Amino acid sequence: MTVLLDAAELDLGSILRPGDRVVVGQACGEPTTLIGALIAQAGAIGDVSAFIATSFSGLFTPAATDAFALRSMGAIGALRTLTKEHRLGIVPCHVSRVGPMIEAGVLGCDVAFVQVSPADERGGHSFGLVSDHVRAAVAAARVVVAEVNDRVPFTLGERLASAEIDYAVRVSRAPVQVPPAPIGPVDAAIAAHAAAYIEDGAVLQIGVGAVPEAVLRLLCDRADLGVHSGMIGDGVVDLVEAGAITNARKNIDRGVSVTGALIGTERLYRFADRNPAIRMCTTDYTHDAGVLARLERLVTINSALEVDLTGQVNAEQSGAAYLGGTGGQVDFVRAGARSPGGHAIIALPSTAKGGTVSRITATLSGPVTTARSDVDVIVTEFGAAELAGRTLAERTRRLIAVAHPDFRAELERAAHVVQRRGF
């Protein structure tokens with residue numbers, strides 16, 4: 001039987017046990033009332049840890065996490081502030097592996113904190129803004145605590161039956177929102193090169209941020225675009241309303257945009273509410289290799305911190321600073337590169353730190369997120385380097401051509417040194 005709790009009197013001490021591992025709904029699906037209670041009360045419970053994949057709420061600050069250990073798959077969103085203070089435990093993993101690791105107990109889940117919509121007439125709650133691995137967390141947890149928020153859209157896809165909820169906290173508060181990022185000249189130039197690979201009937205996997213937003217703004221003249229993506233933002237609404245996204249030519253899920261997370265604003269949330277043209281799916285569908293292999297003309301667009309002259313991609317760490325994460329990049333790079341008529345694009349500015357550092361590098365300063373054997377196209381504001389099927393020497397030439405002009409001579413010299421050693 002579900003226990004109804006008042007948000008103002010929420011006592012986690014009667015729910016959590018010392019040593020409990022909590023999996024928290026991520027991104028715009030963060031149950032902020034439950035997170036606030038965890039921050040305030042974890043110290044009194046003792047030895048509590050939490051896992052959240054990404055966070056945009058800003059609630060997880062170094063000071064707020066003094067009383068419990070926080071882990072994540074990356075320093076994504078507001079979590080980056082924690083890595084600077086060495087307060088975030090990084091679990092390197094692909095998005096597609098989070099759910100299976102929860103199911104297998106590798107990522108422990110004693111308690112699941114989720115945000116859901118009010119129940120429909122059949123007693124089923126929608127997971128609302130995130131679907132991804134929350135179903136796996138609910139299935140594994142000893143206790144399910146749901147923040148039932150009447151401002152969360154009822155999206156179509158996964159359901160949480162009322163009977164599966166152990167404790168329900170009813171609230172009425174705006175969900176976390178992520179406004180579209182401002183687009184600068186470099187973002188626009190990168191987007192122009194990336195958009196050239198997106199033809200009528202293409203299926204898009206694209207994230208959120210300045211470059212993805214800029215790409216989407218260039219696609220209003222396309223016809224019958226489709227969407228199969230780990231996340232979508234407000235820009236998708238624009239393209240649906242412009243008639244560019246119809247999903248009419250998709251091999252599977254025809255007429256439906258498939259995603260695992262809505263990361264945007266109230267405009268996106270209202271658009272998705274009970275909209276049969278959007279389906280929220282778990283990562284064992286959105287990121288599954290077998291599902292992705294059925295999509296033709298799949299164009300995937302992901303970001304990176306740096307790329308070396310052979311095509312190795314680092315999307316995680318720059319020197320000692322952990323700035324990103326593995327995410328779903330590898331899953332989608334492989335799928336886009338193998339899709340008939342498709343492409344896998346890694347898009348990044350040519351420089352960092354005010355133009356003082358080249359992001360096209362002789363050697364990476366951090367780990368290899370995506371192997372050079374998987375890479376297809378690298379795009380900067382200076383053009384697109386098509387690497388698939390190219391020799392190492394040809395890759396080097398193409399990547400130097402899209403590096404910032406200020407660094408090309410230096411990269412040429414570095415390439416000669418490496419080649420003499422048996423590139």
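Eight strands of the predicted model form an open sheet with parallel pairing, in the order β1-β11-β8-β6-β2-β3-β4-β5; strands (E, at least two residues) and helices (H or I, at least four) are DSSP runs numbered from the N terminus. Two strands are taken to pair if DSSP finds at least two bridges between them. The edges are β1 (3-5) and β5 (88-90), each of which pairs on one side only. Within the sheet, β2 and β6 (residues 111-116) are joined in the parallel sense over three bridges, and Val 23 stands opposite Ala 112 of β6.

Residues are numbered from 1 along each chain as its sequence is written, and side-chain values use heavy atoms, with hydrogens and water left out. As the model is a predicted one, local features need pLDDT of at least 70 and side-chain atom pairs count only at pLDDT 80 or more, whereas totals for chains, interfaces and linings use all residues.

In helix α3 (residues 95-103), the buried residues are Val 95, Ser 96, Val 98, Gly 99, Met 101 and Ile 102; buried denotes under 20% relative accessible area, exposed over 50%, and partly exposed the range in between (1.4 Å probe, protein chains only). Their cover includes β2 (21-24), β3 (49-51), α4 (134-140), α9 (283-286) and α11 (329-338), contact being defined as heavy atoms within 4.5 Å. Gly 105, which follows α3, has a positive phi near 85°.

With a disulfide defined as a pair of cysteine sulfur atoms within 2.5 Å, the count is zero. Cys 281 is in no disulfide, the nearest cysteine sulfur, that of Cys 28, being 18 Å away. Cys 281 is buried at 9% relative accessibility, while Cys 220 is partly exposed at 42%.
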